[in-house]
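Trainee: Hi! I'm new to this one, could you walk me through it?
Mentor: Happy to, let's bring it up.
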Amino acid sequence: MPLKSQPPRSAKLFAEPEAATPPAVYSAYIDGASRGNPGPASYAVVVHGPNGETVYEIGKYIGRVTNNIAEYYGLIAALDYAATQGIHSLRVRSDSELLVRQMQGRYKVKSPDLRPLHERASKLARSLQTFRIEHVMREQNRDADRLANAALDATGGRSGRSEAAETTGHAAGPRVDPLGAQRHQAPAQTHRVRAHYVKGVLVPFEPLNLPEGAEVSFELRIPEKI
């Protein structure tokens, strides 16, 4: 009686799915600064590639807001940059304990000025394959802190100056605005902006990509109170 042949041990009845390649992890150091709180403010972002090289950095003056709002602007700028560059995995480091704990869900977002910014950042973070945010000491965040203060120094620490108040540098690749809009647009364009009115100041829900000294006109639509 002939013996039954045995299949090779390596034989598989069903093809096994190939293991997915984990996305390359980028690191972003962010910072926000406000002199007066609220007062003249800026944010900064420094992005490192998977090999540790600096691939993008920016420090930008944003007007008169609080320090916490400036911190959120930095986070949103980092997340927007990741989205425009096709980055799927991002690790963010910030020396703002409030920002980090709120994004981790450990602190509630009680401020009405921060809620729309938190929602915007959370939506962008959920679009990534992996997202992680960590609290670091200021000493570990020196590059972002330097850029944020340089942007403020370029305005003399006062709002309303017309000098350029942005410092950028790139280790590789073309310049991409982290807020997702092109600069130097010749024709005037209309943009819808939602903002809170707080202590005599209009605070946009999202960062605005405007050069220093830009003149804008707007119509106010004030909802009727119920």
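Trainee: Let me start with two tyrosines: are Tyr-56 and Tyr-81 buried or exposed?
Mentor: Both Tyr-56 and Tyr-81 are buried. Keep in mind that this is a predicted model.
Trainee: Okay! How many aromatic pairs are there?
Mentor: The count comes to one aromatic pair. Tyr-56 and Tyr-81 form it, and they are stacked, with 4.4 Å centre to centre and 20° between the planes.
Trainee: And where in the chain do the two partners sit?
Mentor: Tyr-56 is in strand β3 (residues 54-65), while Tyr-81 belongs to helix α1 (residues 67-84). They are 25 residues apart, so the pair links distant parts of the chain.
Trainee: Switching topic: how many residues does the largest nonpolar core have?
Mentor: That core has 36 residues, and Val-45, Leu-75 and Leu-79 have the most contacts inside it.
Trainee: Which element gives the most to this core?
Mentor: Helix α1 does, with eleven residues.
Trainee: What is Leu-79 in contact with, leaving aside neighbours within four places in sequence?
Mentor: Its contacts include Leu-90, Ala-121, Leu-124 and Phe-131.
Trainee: One more: where is Asn-141 found?
Mentor: Asn-141 is in the loop between β5 (130-135) and α4 (142-153).
Trainee: Why does Asn-141 count as buried?
Mentor: Because its relative accessible area is 1%, and buried means under 20%. Not counting residues up to four places away in sequence, Asn-141 touches Tyr-29, Ile-30, Asp-31, Arg-93, Asp-95 and Val-136.

Methods
Residues are numbered from 1 along each chain as its sequence is written. This is a predicted model: local features need pLDDT of at least 70, side-chain atom pairs count only at pLDDT 80 or more; totals for chains, interfaces and linings use all residues. Side-chain values use heavy atoms; hydrogens and water are left out. Rings of Phe, Tyr and Trp (its six-membered ring) pair if their centres lie within 6.5 Å; planes under 30 degrees apart count as stacked, over 60 as edge-to-face and the rest as tilted. Helices (H or I, at least four residues) and strands (E, at least two) are DSSP runs, numbered from the N terminus. Buried means under 20% relative accessible area, exposed over 50%, partly exposed in between (1.4 Å probe, protein chains only). Contact means heavy atoms within 4.5 Å. A nonpolar core is a set of buried Ala, Val, Leu, Ile, Met, Phe, Trp, Tyr and Cys residues joined through side-chain atoms within 4.5 Å.
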